[in-house]
Amino acid sequence: MSNKLLNVADYRALAKKTLPKIIFDYLEGGTDDETGLYHNQQVFDRWRFIPHRFIDVSNRDISCTLFNKVWSAPFAIAPTGLNAIFRPDGDLLLARVAEKENIPFILSSASNMTIEDVARQCYGEKWFQLYVVCPKLAEQMIKRALAADYTTLIITVDVAVNGYRERDIRNQFRLPLHYCPRVLLDGCLHPRWLLRFLRNGMPQLVNFISTEHANLNVQAAVINRHMDASFNWQSLEQLRALWPYKLLIKGVIRPKDAEKCIELGADGVILSNHGGRQLDGALSPMETLSDTAQTICQPVLIDSGFRRGSDIIKALALGANMVLLGRAVLYGLAATGEQGASEVIRLLKADIERTLAHIGVPSIKKLTPDFLHDRKP
């Protein structure tokens, strides 16, 4: 690990240098004024640690048990689309990193490798995330994930319409990329990225190419987040009936919505504001985490804005069972490929373990709200 890359912010800075502006803006950007991006980062400061002393922390356990499996750390690689635009075979690289590090990997339905190809080339446990573009296509993808031995299905429910992502609109970001002089020049100024791009070609949303219902309009709908805006509780029940294994619902914020998901058969929820990429001004999921964890008995996972192990510790203390990492791991992937993604994960593991020692907790299983002071008036 480079002694110059000490944290996620360092990998972000290197990713920014490595990628053309149009690509980095797609990775980094939020919606509207992007106040949600700022809020997701700043909200963690609401809680400050109250360390316990005179505790033996000579051995510290950061392992996490979820759905009867022990993972090496309390976080997973979140579902992210178009990973090949940062590094060729980005989905497979992340899946392999997750397998090596013994953490869950969640393949996005907007991936650049098919459900089946990832399953064939990676032997770790695989979870699949579903965007519901239309009911028939959703049913087909669920059947494909089932046949490919995915163990957990995540249904994302916070993208009825696309967020107003002004960076992408100004950059005319779309697939295929629009080769205007500005974009061509920017690519030439990032020769290593450009060479990889030319060697491997334009990434495609292959899960939508390889289906009988797919066409260019469907691919455009996915990239622009034009999902099934009619998706409702009855729709959720219908999809639950198709999937016999663990089911998580991603994108809820309200504790009552989480409770309803469980009533309809979900095995847990993922609190999320989509990393600030859908609704600007939405609450951070950290702000409803404690109430949700007290409302339901099933697992509560969370994402949106995590960059430090200490912030992961805060989420666990407030009741989260696991944290999902999106941009943080993608910065590593974009910066130095598979090695960078691995290094980000190891940095966060070390950060979690170090924080446990500082606050006087030998195991994440012993974390409670008692270790935090809520500064909110």
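How far is the sulfur of Cys 261 from the closest cysteine sulfur, and in which residue is that sulfur? The closest one is in Cys 297, at 15 Å, which is too far for a bond. This is a predicted model, in which local features need pLDDT of at least 70 and side-chain atom pairs count only at pLDDT 80 or more, while totals for chains, interfaces and linings use all residues. Residues are numbered from 1 along each chain as its sequence is written, and side-chain values use heavy atoms, with hydrogens and water left out.

**Cysteines**
- With a disulfide taken as a pair of cysteine sulfur atoms within 2.5 Å, the count comes to 0 disulfides.
- Cys 122 is in no disulfide, and the nearest cysteine sulfur, that of Cys 64, is 19 Å away.
- Cys 122 is buried (under 20% relative accessible area, where over 50% is exposed and in between is partly exposed, with a 1.4 Å probe and protein chains only), since its relative accessibility is 2%.
- Cys 261 is also buried, with a relative accessible area of 2%.

**Helix H8**
- In helix H8 (residues 181-188), the buried residues are Val 183, Asp 186 and Gly 187.
- These residues cover an arc of only 100° around the axis, so they lie on the same side of H8.
- Pro 181, Leu 185 and Cys 188 are exposed on the face of H8 turned away from its buried side.
- The buried residues of H8 pack against helix H2 (21-28) and helix H9 (191-200), contact meaning heavy atoms within 4.5 Å.

Terms used
Helix = DSSP H or I, 4+ residues; strand = E, 2+ residues; numbered from the N terminus. Arc of directions from axis to C-beta.
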